[in-house]
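Here are my notes for a first reading of this model. Please keep the structure open beside them and check each point as you go.

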Amino acid sequence: MFLNIGAAVLLVLSHFASYISPSTLWVASLVALAYPGLLLVNLLFILYWLLIKSRALFISVFAILLGFDNLRNQIQLNLFQTEVPANAQKLRVLSFNARLFDLYEWTGNPKTRNKIFKMVQDETPDILCFQEFYTSSKPGRNNLDTLLRLQKAGNHHVAYTETLRGSDHWGIATFSTYPVVNRGNILFHETTNNLCIFSDLKIGEDTVRVYNVHFQSNRFKREDYEFLGNPNAKPSNDEKITASRNIIRRLQVGAVKRAQQVKVVAEHIENSPYPVIVCGDFNDPPASFTYNKISKGLKDAFAESGWGLGNTFNGLFSILRIDYLLHDPRMVGTGYKTIRQNLSDHYAIVSDLWLKKAGHANGE
């Protein structure tokens, strides 16, 4: 009973953590990050109390229901098909952290780059957002030209955060089958490889603003992942303490930077004159301040039409959902799916968004 109460209290705290900026109390971000694990523990307690027929099960039931929004943003069982509005334009949107198109062959498969292009061709998106985009003028590495040649979204907005040797470019990119009539970059006023761009697309008589964002990562190093995967690899307690402190420090720095970045982007979205679509790698789970801040007033495509566990991270903590597709409530989302192919340390996500035609999207 004591352990169950403790687990329930921590779960409740994870619900409130999404309203606390890490800039004010960074420890709250750690509690939010632990939400999937805390949820699992509380579900196991419910099962235990059911088996012995005890009313104590309501301790965890209450804790879970108190944060029902967090639950539905992490796990979905959409049993009924979403009704598509009449007179609506279908927009297929795909978002993917491409991890530089496997430039350094992290996947161990030299064909991964071509598989990414094949995945995009198979999905035929109208709007395509890449984070960790890379292209080069060198043969076999010109991902920009290859994408323009192989898929239908030929209009593009690319912004680079770093260029080396005058030929190699790192950044973020949005592709569209619709004309890009305006574009801009949202800078975070710090030295970072992270960026948000917005692209205004002319769709019939309407204009839609697409945000493509990559928020600050925790910047874990290889030794951090190795320690998390096998803490006993460190022979002494002093080494374990040092490794743990390094990881906590990286989590702290990442959470605080994301809190500052998301405020800038959320304010920009709030002032958008057009309906918005937000794609990106938030590097934070649904229980986080980052997600709560940027998703305010928007719909989550996964919560709207997804199924099962919404995890998008293809790494050590594969239960995490850190990539998102949000949209204006004047749109309807259907057919959300996660493309579980080993192409990056993230999975691509795709959904069909339905935009009412002839001015309805702009509230006329």
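1. Phe101 is buried, and Phe130 is buried too. Buried means under 20% relative accessible area, exposed means over 50%, and partly exposed lies in between (1.4 Å probe, protein chains only).

2. A word on the source. This is a predicted model, where local features need pLDDT of at least 70 and side-chain atom pairs count only at pLDDT 80 or more, while totals for chains, interfaces and linings use all residues. Residues are numbered from 1 along each chain as its sequence is written, and side-chain values use heavy atoms, with hydrogens and water left out.

3. How many aromatic pairs does a search of the whole structure find? The search finds 16. Rings of Phe, Tyr and Trp (its six-membered ring) pair if their centres lie within 6.5 Å; planes under 30 degrees apart count as stacked, over 60 as edge-to-face and the rest as tilted. Phe101 and Phe117 make a tilted pair, 5.8 Å centre to centre with 35° between the planes. Phe101 sits in helix H6 (residues 99-102) and Phe117 in helix H7 (residues 112-123), so this pair ties together parts 16 residues apart in sequence. Helices (H or I, at least four residues) and strands (E, at least two) are DSSP runs, numbered from the N terminus. Both Phe101 and Phe117 are buried.

4. Phe101 has another tilted pair, with Phe130: 5.2 Å centre to centre, 55° between the planes. Phe130 lies in strand S3 (residues 127-136) and Phe101 in H6, so the pair ties together parts 29 residues apart in sequence. Ring pairs link Phe96, Phe101, Phe117, Phe130, Phe133 and Phe175 into a cluster.

5. Now the sheet that holds S3. Its 6 strands form an open sheet in the order S4-S5-S3-S2-S14-S13, with mixed pairing. Two strands pair if DSSP finds at least two bridges between them. The edge strands are S4 (155-164) and S13, each pairing on one side only. Strand S2 (residues 88-97) and S14 run antiparallel, joined by 8 bridges. Ser95 has Ile349 in S14 as its bridge partner. H7 lies across S2, S3, S13 and S14, at about 165° to S2. Axes are lines fitted to C-alpha atoms, for helices over the stretch in contact, and angles run from 0 to 180 degrees between N-to-C directions.

6. Another open sheet of 6 strands has the order S6-S7-S8-S9-S12-S10, and its pairing is mixed. Its edge strands are S6 (180-186) and S10 (299-300). S6 pairs with S7 (residues 195-203) in the antiparallel sense over 6 bridges. Arg183 has Ser199 in S7 as its bridge partner.

7. His346 is in the loop between strand S13 (331-339) and strand S14 (348-356). Is His346 buried or exposed? His346 counts as buried because its relative accessibility is 2%. Its side chain makes a polar contact of 2.8 Å with that of Asp323 and one of 3.4 Å with that of Asn97. A polar contact is a pair of N or O atoms within 3.5 Å; within protein, one must be able to donate a hydrogen and the other to accept it, and residues adjacent in sequence count only if both atoms are side-chain atoms.

8. Check the cysteines last. A disulfide is a pair of cysteine sulfur atoms within 2.5 Å, and the count comes to 0. The sulfur of Cys279 is 3.9 Å from the closest cysteine sulfur, in Cys129, which is too far for a bond. Cys129 counts as buried at 0% relative accessibility.

Conventions:
Contact means heavy atoms within 4.5 Å.
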